[in-house]
Amino acid sequence: MTKPFLDVLSGHRQETPPIWMMRQAGRYLPEYRELRAKAGSFLDLCFTPEYAAEVTLQPMRRFNFDAAIIFSDILVIPHALGRSVRFEAGEGPRLDPLDTPEKIAALSPRADFAKLEPVLEALRRVRGKLDANVALIGFCGAPWTVATYMVAGQGTPDQAPARILAYSHPDAFGKIIDTLVENSIHYLLGQLKAGADALQIFDTWAGILPPREFARWSIEPTRRIVEGVRKVAPKVKIIGFPRGASVLLPDYVEATGVDGVSIDWTAEPSLIRARVQNRVAVQGNLDPLALIAGGAALDRAIDDVLSSYAGGRLIFNLGHGILPETPIAHVEQMIRRVRAYKA
C-alpha cells in the first residue's frame, strides 16, 4: 500500500493533499497532558519508549493523519554529547552555555548514542502500530538552531549570543557545527533503521541570519547532513524547514538536496510556486493563530493555502507547531476541509 505523504515527496502530486501537523503530539490534547504529568520531567517523557510511543500515537488515533512524527526534541543530541539539558516549566530548555572558545575546545566530538536508544525503541514501537498507508517521520534539529541553544544556554529573542560568537570566533563556532553535523547523520540513520520512512531537519532560527551567514551556517551544514545520510540511504526522503528563510528558500532548496521544504505562513506564494515548488514538494503553511481563531477565518486561511499550493505537490501542514491553546474542534474543522478538497 502506498503512503500519500511519501508519494508527494517522491514527485507525485495528490488530488487531496496529505496532512499532518508539526507538534501534533502535544499540550492541546488532554491525553498528552495526562501522560506528561505521569512521566515527571519532559526528558523522562522523551526517553521512556512506552510513553514516547504512546504520545506519538495519540493524535493518530484522534485524527488519522497521513504521517506521524516521533515524539522527541531537537536537544537530545546535546544531551548525548554530555551537555546538561533540562526543561524548566514555563521557561523552556536550559543548558550549560558553551560560549567561549575554551569551553568549545572541550566539547566531546562523538555522542553517547546509548542515551538515544530509547528514541529508537519508541520508533520501533510506533512503526509496528501504524497503518500501512501512514508514514513515520524521524527528525533532528539543524546544526545552526541546535548550536544557538548550546551557546546561549537557552532560547533568546534573537539568539544573539550564537550570532556574536559565530562572527567573533568562526573557527570555534564551526567546531560546534561540525560536531552536530556528524552526530546528526549518525542519529538520523539510526532512526531510519528503527523504522522511520522519512526525515525532517528543523532549522527554527534560520530566518535570523543574513544571506552570507545563512549560506554558511544553515545551508551548508544541512547539505552535509543530507549528503551523509544519503551515502548510506540514497533513496530516503528528507524535508528541510529553514523557518523564516523567505527569499533565500530557492538557494536552500538548490544547495541542500532536500526533497521537500516546509514554509511558514509569511511565505510569498508566487515566489514559492515559481522557484521552490517547481523543484520540490512544499509543506505548510497555515498560520497556527488561524487554527486558534477557527470559524470563517480558519476556512479562509485553509482555502488560501490550498489555492496557492495544491496545484503542485503539497503536504498540508502548519507554518510552525500547533499551539497549546488550540481547540481540538478547530483541528477537526481543518482536517474536514482539507480532506474534502479535490484539485
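In this predicted model, Arg-124 is found in helix H7. Is this residue buried, exposed or partly exposed? With a relative accessibility of 36%, Arg-124 falls between the 20% and 50% cut-offs, so it counts as partly exposed. Leaving aside residues up to four places away in sequence, Arg-124 touches Glu-117 and Ala-194. Ala-160 is another story: it sits 36 residues from Arg-124 along the chain, and the C-alpha atoms of the two are separated by 38 Å.

Next comes the way H7 packs. Two packed helices are described by the angle between their axes and the distance between the axes. For helix H4 (residues 49–63) and helix H7 (residues 117–127), the angle is about 50° and the axes lie 8 Å apart. H4 and H7 are therefore oblique to each other, and H4 passes H7 in a right-handed crossing. On the H4 side, the contact is made by Pro-49, Glu-50, Ala-52, Ala-53, Thr-56 and Leu-57, while H7 brings in Pro-118, Glu-121, Ala-122, Arg-125 and Val-126. Sorted by class, that gives seven nonpolar residues, three charged ones and one polar one.

In soluble globular proteins, nonpolar side chains tend to be buried together. Here, the largest nonpolar core holds 132 residues, and the members touching the most others are Phe-5, Phe-173, Ile-176, Leu-286, Phe-316, Val-331 and Met-334. Helix H10 (residues 170–194) supplies the largest share of this core, with eleven residues. As for Leu-286, the residues it touches include Trp-265, Leu-298, Ile-302, Val-305, Phe-316 and Met-334, not counting those up to four places away in sequence.

Methods:
Residues numbered from 1 in each chain as written. Predicted model: local features only at pLDDT ≥ 70, side-chain atom pairs only at ≥ 80, totals over all residues. Heavy atoms only, no water. Core = buried A, V, L, I, M, F, W, Y, C linked by side-chain atoms within 4.5 Å. Buried < 20%, exposed > 50% of the residue type's maximum accessible area, 1.4 Å probe, protein only. Helix = DSSP H or I, 4+ residues; strand = E, 2+ residues; numbered from the N terminus. Contact = heavy atoms within 4.5 Å. Axes fitted to C-alpha atoms, helices over the stretch in contact; angles between N-to-C directions. Parallel < 35°, antiparallel > 145°, perpendicular 65-115°, else oblique. Left-handed = near helix turned anticlockwise from the far one by under 90°. Nonpolar A, V, L, I, M, F, W, Y, C, P; charged D, E, K, R; others polar.
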